[in-house]
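Have a look at the picture first, then read on.

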Amino acid sequence: KDTAAPSLADGGERFSKSGFIFAAIGSAVGLGNMWKFPYITGKYGGAAFFLMFIICLLAVGLPVLMAELTIGRGGRGSVVASFSRLSKQKGWGWLGFLMILAPFLILSFYSVVAGWTMYYAVQSFTGNLFSDSDYSGKFGAFIGSWQPVWWQLLALVLTAVVILKGVSAGIEKFNKILIPGLVILLITLVIRALTLDGAGDGVSFFLNPDFSKLTPESALVALGHAFFSLSLGMGTMVTYGAYVDKRQSLGAGTLAIGLGDLLYAFLAGLIIFPTSFAFDIAPGQGPGLVFVALPAAFAAMPFGSLFGGLFFVLLAFAALTSTVGLLEVPVAFVRERFGWGRGLSVIVITLLLFLIGIPSAISVGGAVGGLQFGDKSFFDWMDFICSNILLPLGGLLITIFAGHVWKNAEDEAGLSSRWYRIWIFMVKYVAPILVVLVLLHSTGALDF
Ligand code: PFF
């Protein structure tokens, strides 16, 4: 007998076929692609790292993505309900709870950066950003003030409004509007970047691999990023999977999401690297790249305040389609577990997120004298715990569950027998081993 809480998706909430693809691509494409990807690619050798990222995405990311969607659609609920329903073991439900906690914590600091992007968009359009050229001082003064708290609240409220409207009128509709907007902005900015003087060096840094730069460390960083970029290990894709129609092909969906994410990363690279090289900016300099270095580049180009504004709007769009996917995870869980309505669940969780987010929002620039614990700020700790520990742990649970625990994955996946064999081999053996290596490396237990 099914002892788990009532199934959410049986309540009638469903994505349309294209709505699901839009929503999942929206979740995958985010600050990871625009903010993290460029600086880690810059740091780990440009094209060689990008190549590694593609391999990781295809070989490990897609099989795990397929596993998450299959578990979600088979279990028709949050990770907790799906795990306990499909395994018929309560213990698995508790393990699934890790994947409810992760997106909740991620959202608490991801929304901080989402807030920065909106602030920078406004500052850019109004021209304030370019009033003098001390971009690092400006960024420092902004993140060192209380302002990020209010911008983060704005990001959370926008996200909450979408989630309040539910799956098809909220998540699906929002993504269907924002993603075409995102594509138009992206293409405009790629054309701008590629036509800058000196753009060619940036393009070749990004696209001509120097294989001597490939190290075990860069491979593990690439794999970790493939996970983050596809929103894996955090319950989002399981939860979205719960709302997918039984007749939709999950294999084709997985491929479309993977290619969408990859294409976006590629085009983001074609904006960031040509722009950085054209203006002598080191692309591996760290998270400040987007908020400190690029404004200098925009200032130096014609119509810079327009292009700068568009760039930060692009970032904000990408961020919000991801925050929506993050918020739906704990909301789905709370509705299922406590039987609360969508409205109450969204309000309570958003308030909690705002409270937990405050220390992240003020810890980066030290508004309160630096919320520093050991060698990291509160924000960096949250990022470290989520991206380096909870996320690979979540990924590992998914592979063990789909590969070794759940007996009927094959029926739900609906792949041809050849593809099924390849998929299940990757999920059973290859992905878990690689994910354990990522976990050991990212926690510092394995050093090169
Ligand atoms: N994939 C998003 C990015 O690359 O920015 C981040 C993310 C969104 C991770 C949603 C997890 C998630 F559930």
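Let's start with one glycine: G308 counts as buried because it has 24 C-beta neighbours inside 10 Å (buried takes 20 or more other C-beta atoms within 10 Å, exposed 12 or fewer, partly exposed is in between, and C-beta atoms are placed from the backbone). Keep in mind that this is a predicted model, where local features need pLDDT of at least 70, side-chain atom pairs count only at pLDDT 80 or more, and totals for chains, interfaces and linings use all residues. Residues are numbered from 1 along each chain as its sequence is written.

**Confidence**
- The protein's pLDDT averages 91, and 96% of the residues score at least 70 (pLDDT is the predictor's confidence in each residue, from 0 to 100).
- For the model, ipTM comes out at 0.98 and pTM at 0.93.

**Around G308**
- G308 sits in helix α14 (helices are DSSP runs of H or I with at least four residues, numbered from the N terminus).
- Skipping neighbours within four places in sequence, G308 is in contact with S124, L129, P295 and F298 (contact means C-beta atoms, placed from the backbone, within 7 Å).
- P295 is 13 residues from G308 along the chain, and their C-alpha atoms are 6.8 Å apart.

**The nonpolar core**
- The largest nonpolar core has 161 residues, and L223, L314 and A316 touch the most other members (such a core is a set of buried Ala, Val, Leu, Ile, Met, Phe, Trp, Tyr and Cys residues joined through C-beta atoms within 7 Å).
- Helix α14 gives this core its largest share, 19 residues.
- Leaving out residues up to four places away in sequence, L314 touches L182, L185, L186 and L189.

**Helix α4**
- Eight of the nine residues in α4 (79-87) are buried, among them F83 and R85.
- Those buried residues pack against α3 (47-75), α5 (90-125), α11 (236-242), α14 and α16 (378-405).
- Just after α4 comes K88, with a positive phi of about 60°.

**Around the ligand**
- There are 15 residues around the ligand, and G30, G32, S231, T236 and S322 come nearest (near means a C-beta atom, placed from the backbone, within 6 Å).
- At least two residues of this shell come from each of α1 (17-28), α2 (31-43), α10 (216-229) and α14 (304-338).
- The shell has six nonpolar residues, nine polar and no charged (Ala, Val, Leu, Ile, Met, Phe, Trp, Tyr, Cys and Pro count as nonpolar, Asp, Glu, Lys and Arg as charged, and the others, Gly among them, as polar).

Conventions
Two residues are in contact if their C-beta atoms, placed from the backbone, lie within 7 Å.
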